[in-house]
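Student: I have a model open and would like to talk through some of its features. Could you take me through them step by step?

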Amino acid sequence: MKIIMHFKQKMLIRFKKLCPSVPLCLRAFSFAPLCLILAFCLFAFAPLLLPLPVKAQPKHTIYFFNPETNINNFASLKIEFDTYLSKLGEYQLQPFNDRDIFEKSISGKKDGILLVSSWHYKNLKEKFPLKAVLVGVFNGKSTQKRVLSARKDTGNPGFFKGMNVASAGNKEYTMNILKEILGGQGEDALSAIQIMSVPKDIDALMAVGFGMATAALTSENSLLNLEKINPKQRQQLKQLGKSGEMFLAIVAAPADAEPENRPLLEALAKMGGAPEGESKLRMLGLEGFRALSASETEALKK
Amino acid sequence: MAAAVSAEEAGSILILNSNMSTEKYALAQTEFKSRLEKRSNLAEVNLGEKEIDEAGIEKIIREKNPELIYCIGSKAYMMSNKLAKEKKTVFSSAINWRRLPMGRNTYGVSNELPAGMVLMTYRYFFPGLKKIGVLYNQNYNAEWLKNAEKDAKDVGIEIIAESVKNSNRLDSALEELLPKVDVLWLISDPVVLSGPESTLNILQKSDSMKKPVFAYNEIFSSYGALLVIDADIPTMVEQASMMALDLLSNKKIAERVPSPAGSHIILNMKKVEEYGIELNKEAIGSVNKIIK
C-alpha cells in the first residue's frame with residue numbers, strides 16, 4: 001500500500017510539473033486527473049497510433065498469359081475484369097506479356113487460377129501439377145483451327161522459302177503451328193520463314209491484302225470476318241494449310257488447390273451468361289466458359 | 001589533315017532518336033533494342049539532349065562508323081541524311097515520309113496506315129455506319145482521297161468529301177457536310193486541322209449534331225472521338241528491325257517504305273452508348289484501350 005501511495009505521489013508531482021494550472025480540487029482526486037488526461041490523449045490521437053487502413057488485397061487471382069495474341073490491351077483488360085470480378089468476391093486479373101515471367105510468377109502459387117491458351121496449357125502441365133477445369137467458347141464452339149493464307153498470285157514452287165508470315169501469336173507459338181502445317185516442306189523451308197508479329201488476326205490478314213506480308217496465320221473465324229468486311233480481299237486469298245482442331249482458352253487450377261479456388265472458377269463459368277461479363281470476355285475473343293467434358297479433359301492430356 | 005575514321009564494324013547500328021522524352025520515340029527505341037541487342041552492336045544518340053549538337057553527332061558517326069543508322073522520327077532522319085547520306089538507313093515514326101529526301105540506301109516504315117486498312121477497321125467495328133464524311137484540302141489530300149474512295153467501295157462504305165479551300169471556310173464546309181453523313185473521319189490535313197481551335201470546333205459541332213468522329217491520333221480520344229486508329233509502334237519497329245537485319249545481311253528488300261502492318265485502336269464506349277451506335281461486339285477483342 002505504501003508503495004502504491006508513493007507511486008501516486010510521484011505521478012502527481014510529474015503531472016503538476018506538466019500542468020501547473022490544474023486546480024487543487026483535481027489534485028485532491030489523486031490519480032484521477034492523470035487518468036482523464038491519458039484517456040483524452042488516447043482518444044484524440046488514436047488514429048495516429050494505429051496503422052492506416054489498407055485496402056484489402058484480392059485473395060484470388062486469375063493469372064493470364066496468351067501467346068496467341070500480341071494485342072497490348074492489358075491496362076483496359078485489367079480494369080474491366082477487376083471492376084466486374086470485384087463485385088463477385090476478392091478477385092483480380094493479372095495479365096502477363098512474357099512467358100518466363102508468367103511461369104515464374106505462378107510457380108508454387110495456390111491463391112488463384114490460370115487462364116492460358118490450350119497450346120500453352122499442354123506445355124505447362126508438364127512443369128506444374130494442374131487440373132484443367134473450363135474451356136473458352138466462341139460461336140458455340142470450344143475449338144478452332146489456324147489457317148495459313150497467302151495471296152493467290154504469289155504461289156510458286158519456292159514460295160515457302162523466305163516467306164514473311166504475319167501472325168498475332170508470339171514467335172514460338174507461330175513457329176509451332178507452322179511446323180504442324182508445313183512439316184512436309186522440310187526444315188530448310190521452315191528455318192527461312194520470317195515471322196512478323198502483329199497485334200491481331202485481322203491485322204495479319206490486312207497485312208497480306210495490302211502487301212506488307214506474304215502470308216498470314218490466323219484463326220478460321222477471322223477469315224469469316226474478312227469475308228464480311230472486304231469480300232474482294234478475301235477472294236484474293238488462298239489457303240496454304242490448316243492446323244488440327246485446337247481448344248480455345250483453358251482455365252486451370254493448381255491440382256491440389258481446386259476447392260479453394262472453386263468460387264472463382266464458378267464466377268468465371270457464369271461470366272458469359274451475364275451481359276456485363278460477356279462484354280468483358282469479348283476482349284479475350286470469347287463469349288463464355290463451360291466445364292470441360294471427360295473426353296475433352298482426356299484430349300488435353302495428350 | 002582529315003580526322004581519323006574508324007573501320008566500319010560489321011553489323012553495327014547507330015540509333016538516332018529525335019527526342020527520347022517523346023513517349024512514342026522512347027517506345028520505338030526500347031522495342032528496337034529488345035529485338036536487336038543480342039544480334040548487333042548498338043550505339044544510341046538522343047537528339048533531344050541539350051548538350052548534343054550537329055558537330056557532336058557528326059563526331060559520333062565518324063568514330064562509331066556504324067554499318068546502319070536507325071532513325072526514329074523526322075528530325076533524326078534529316079540529321080542522318082545530312083551527315084551520313086551514303087549509310088544504310090532505316091527510319092520509322094517519321095510523319096508523312098514522302099516529304100523527306102530519299103537517299104540510295106534509305107529504307108523505312110511509313111508512319112501512316114493505308115486508308116483501306118483504316119476503312120476496313122471502321123467497317124469491322126461499326127457495320128451500320130456507311131456514309132463517312134471527310135474534310136480535306138485539294139492541295140494536300142486530293143490524291144489520298146481518290147485512293148480512299150476506291151478502297152471504301154470494297155468495304156461497302158461511301159465517302160462524302162467536302163473540300164476546304166482555307167481555314168476560314170471550315171465552318172461552312174462542316175455545316176454542308178455533317179447533315180449528309182453518318183460519321184466524320186478526321187484526316188491529317190494542315191488546312192482543316194490548322195490549330196487546336198479549329199480541331200475543337202469540328203469536334204464540338206459534330207457532337208452537337210450527334211455525329212460521331214473517327215480520328216487518327218490518341219489526342220482526339222480525350223476530346224470525344226468515337227474511334228481512334230493509329231499505327232501500332234511495336235509492329236512498326238518489328239518491321240524496321242526486320243528490314244535492318246535484311247540490309248545488314250545484304251538481302252533484297254521487297255519494298256523500300258512499306259505501310260505499318262498493325263493498328264492501335266482506342267474505343268470510346270461513352271460515345272457508343274451516348275449516340276446509340278451499333279457496335280460489332282466481336283470487334284471489342286481488337287481494342288487496345290477502352291474509354292469509359
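Predicted model: local features only at pLDDT ≥ 70, side-chain atom pairs only at ≥ 80, totals over all residues.

Student: Which residue does the side chain of A:R99 meet in a salt bridge?
Tutor: The N to O distance of the pair is 2.8 Å. A:R99 lies in helix α5 of chain A and its partner in helix α7 of chain A, so the pair ties together parts that are 73 residues apart in sequence.

Student: Which residues are joined with A:R99 and A:E172 into one network?
Tutor: Here we follow salt bridges that share partners. Besides A:R99 and A:E172, the network takes in A:E103 and A:K127.

Student: Where does the second largest pocket lie?
Tutor: Nice one to look at in chain B: the residues nearest the pocket's centre include B:N96, B:E112 and B:W144. Domain 1 (9-108) and domain 2 (115-230 + 264-291) of chain B both give residues to the lining. The second largest pocket therefore lies between domain 1 and domain 2 of chain B.

Student: Which element gives the most to the lining of the second largest pocket?
Tutor: The lining has 40 residues, which divide into 22 nonpolar, 10 polar and 8 charged. Among the elements of chain B that each supply at least two residues are α1, α4 and α8. With 7 residues, the element that gives the most is α5(B).

Technical notes. Residues numbered from 1 in each chain as written. Chains lettered and ligands numbered in written order. Heavy atoms only, no water. 1 Å grid on protein atoms, 1.4 Å probe; cavity = no way out; pocket = protein on both sides within 12 Å on 5 of 7 lines; lining within 4 Å. Helix = DSSP H or I, 4+ residues; strand = E, 2+ residues; numbered from the N terminus. Nonpolar A, V, L, I, M, F, W, Y, C, P; charged D, E, K, R; others polar. Domains from an automatic or database assignment. Salt bridge = Lys/Arg side-chain N within 4 Å of Asp/Glu carboxyl O.
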